[in-house]
Amino acid sequence: MNEHLSGEMLSALADGECDPTERRYAHEHLQGCPDCSRMAEQFAAVRGLVGALGPQVAPESLVVTVLAPPRTLRGTVAYALRGPRRYVAGGLTAAAVAISVAGLAAPPQDSEPPVEVFVTRHVGVNAGSASGGEVLFAVSGR
Amino acid sequence: MGPSTSRLLPREVATLLVCMTLAASGIVAGATGASSAPEASEYLEKMAKAEHATYRARRLVVYLADPQSAAVLEIHSSADGTFVRAEAGTDVTRVWRVPGHGLTSGDAGSFEDAAPPAVPLRTDEVMDKYDVTLGEPTMMLGRSVVPLDLVRRADVALVERLWVDRETGIVYQRELFGPEGDMVGISTMLDMDWGEAGHTETYDGPETSKVVAAASADAPERLAYGYRLVKGYRLEAEGRPADHWVYSDGFHTLSVFRTDGDMSTPPRFHRLDIEGREVWAGPGPGTWIWEGDSSTWVLVAEEPQLDVASLVAPFPSGGPSLLSRVGSWWAQAWHWLTDLVT
């Protein structure tokens with residue numbers, strides 16, 4: 001007994017896509033192989049069901065959305081300000097402005113530079129006997 | 001004839017005397033200029049070599065301007081490296097330097113450096129920048145020392161006088177001068193033991209902040225007064241990342257630090273208005289800070305009488321822009337919000 005027919009072969013057979021040689025070989029195999037015959041019947045049944053489906057019509061809203069030109073900034077703003085969305089957009093804008101103004105009014109987050117640390121680092125880079133940094137050793141408490 | 005001779009003779013003698021005087025002064029000047037410059041170079045070469053001499057010494061350092069302060073330095077030097085312990089009141093700073101490793105420990109922090117910069121004394125650069133003249137030798141701690149006056153050619157300012165051991169090149173005394181010619185700092189040898197570096201301390205403090213060599217592509221290659229960029233580093237100071245750019249003029253070292261963020265003025269710094277930019281000068285010699293490009297900048301210099309305007313000119317200045325402030329605030333608000341949520 002030859003090996004069973006592959007799924008691809010059975011699918012091609014159901015779709016009528018086999019060449020004459022393949023078709024002859026498949027039919028000869030199916031006559032002697034009940035398993036493959038059953039599978040071939042199932043492939044044929046599925047093909048029949050798909051073929052029986054009528055053409056589907058896309059919803060109009062989907063067609064309009066897909067075919068519509070890309071929205072411009074002005075269009076986006078207009079869309080955001082349409083209907084109840086205008087209140088949400090207005091609220092968010094007002095909040096952003098308020099936060100920015102508060103940030104400008106608040107004192108900046110300054111901190112004292114670590115000058116003494118830097119001076120310590122500086123005297124470490126040249127501490128030979130000819131170092132001119134000797135006086136820097138003497139002055140601390142910056 | 002006689003009268004004319006009597007009139008002419010003094011004129012000739014006078015002319016001769018003037019010529020002789022001019023010639024003599026020319027010879028003297030020539031002799032001074034011809035022999036002192038090479039001699040000064042020789043002393044500078046000796047000083048450069050003396051950086052690896054073996055000795056143990058103590059030095060007294062006094063800063064005479066505001067705020068008056070003093071420190072005692074204990075120096076252990078050998079070919080293996082240098083250790084300096086500086087005590088100024090209750091502050092103690094210690095510096096270890098061996099080839100390929102540097103460690104600095106002070107009250108303000110400790111840094112460890114796997115690639116400390118090589119900032120050797122460069123005689124040719126010193127001679128280019130300064131007019132170096134020698135004075136009369138004298139005795140200091142039993143050694144014959146000669147004074148080297150360093151007059152900066154750019155502004156003809158006497159900035160330093162070094163008393164150098166004629167034999168070894170060790171600087172026995174260093175005097176720094178202010179713009180009025182007044183002495184603003186002095187560092188003098190208290191005692192000196194030759195031939196032995198002595199026992200040095202070992203570091204047993206908390207974990208050090210590691211300094212890493214870093215790119216310095218945005219650092220100016222050259223600054224005023226002949227300072228050239230030697231190396232760039234990345235370090236952390238009090239939790240703030242900072243860049244450290246090391247400059248040298250062949251003799252002095254100058255550091256520029258850049259750290260993120262805006263600054264508040266440290267106490268005891270006073271504001272200077274320099275050609276439209278705000279710079280704050282610190283107490284003691286050579287410390288200036290300013291803001292620029294959303295960073296805080298700190299410049300530390302050793303050389304006296306520096307014009308800060310020309311030094312800071314290549315660096316950005318000015319406080320944060322309006323946009324930058326709004327951006328910072330939004331970032332801060334976002335940080336608070338995420339903290340609140342998490």
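Read along the sequence, the elements of chain A follow the pattern α-α-α-α-α-α-α-α, which amounts to 8 helices and 0 strands. The structure described here is a predicted model, and every value reported below was computed from it. Chain B contains both kinds of element, with 4 helices and 21 strands. Of its 342 residues, 35% count as buried, while for chain B the share of contacts with a separation of 6 or more that comes from residues 24 or more positions apart is 47%.

Within chain A, helix α2 covers residues 20-32 and has 13 residues. From its first C-alpha to its last the helix reaches 19 Å, which is close to the 18 Å expected at 1.5 Å a residue. The number of buried residues among the 13 of α2(A) is 0, so this helix lies largely in the open. One residue of helix α2 of chain A is A:Tyr25, which is partly exposed because 14 other C-beta atoms lie within 10 Å, a count between the limit of 12 or fewer for exposed residues and that of 20 or more for buried ones. The C-alpha atom of A:Tyr25 is separated by 9.7 Å from that of A:Leu5, a residue 20 positions away along the chain.

The contact between the chains takes 37 residues from chain A and 74 residues from chain B. On the side of chain B that touches chain A, the element that gives the most is helix α4 of chain B (residues 322-341), with 7 residues. Sorted by class, this side of chain B comprises 39 nonpolar, 23 polar and 12 charged residues.

In soluble globular proteins, nonpolar side chains tend to be buried together. The largest nonpolar core in the model has 79 residues, and those with the most contacts inside it belong to both chains, namely A:Phe118, A:Phe137, A:Ala138, B:Val164, B:Ile289, B:Val298 and B:Leu299. Helix α7 of chain A (residues 115-125) provides the largest share of this core, with 6 residues, and at least three residues are drawn from each of domain 1 (49-194) and domain 2 (214-325) of chain B. When neighbours within four places in sequence are left aside, A:Phe118 is in contact with B:Ala237, B:Ser255, B:Phe257, B:Val298 and B:Val300.

Among the strands of chain B, β6 (residues 109-113) is mostly covered, with 4 of its 5 residues buried. This strand pairs with two others described here. Strand β5 of chain B (residues 101-106) runs antiparallel to β6(B) and is joined to it by 5 bridges, and the two strands form a hairpin with 2 residues between them. In this pairing, B:Gly106 has B:Gly109 of β6(B) as its bridge partner. Strand β13 of chain B (residues 209-213), in contrast, pairs with β6(B) in the parallel sense over 3 bridges, and B:Ser209 in β13(B) stands opposite B:Phe111.

Two loop residues of chain B call for comment on their backbone angles. Most residues other than glycine have a negative phi, and most peptide bonds are trans. B:Tyr225, although not a glycine, has a positive phi near 65 degrees, and this residue lies in the loop between β14 (222-223) and β15 (227-237) of chain B. B:Tyr225 is buried, because 21 other C-beta atoms lie within 10 Å and the limit for a buried residue is 20 or more. B:Ser294 likewise is not a glycine and has a positive phi, of about 60 degrees; its place is in the loop between β20 (287-292) and β21 (295-301) of chain B. With 17 C-beta neighbours inside 10 Å, B:Ser294 counts as partly exposed.

Technical notes:
Residues are numbered from 1 along each chain as its sequence is written. Chains are lettered from A and ligands numbered from 1 in the order in which they are written. This is a predicted model: local features need pLDDT of at least 70, side-chain atom pairs count only at pLDDT 80 or more; totals for chains, interfaces and linings use all residues. Two residues are in contact if their C-beta atoms, placed from the backbone, lie within 7 Å. Ala, Val, Leu, Ile, Met, Phe, Trp, Tyr, Cys and Pro count as nonpolar, Asp, Glu, Lys and Arg as charged, and the others, Gly among them, as polar. The expected span of a helix is 1.5 Å times one less than its number of residues. A nonpolar core is a set of buried Ala, Val, Leu, Ile, Met, Phe, Trp, Tyr and Cys residues joined through C-beta atoms within 7 Å. Domain bounds come from an automatic or database domain assignment. Two strands pair if DSSP finds at least two bridges between them.
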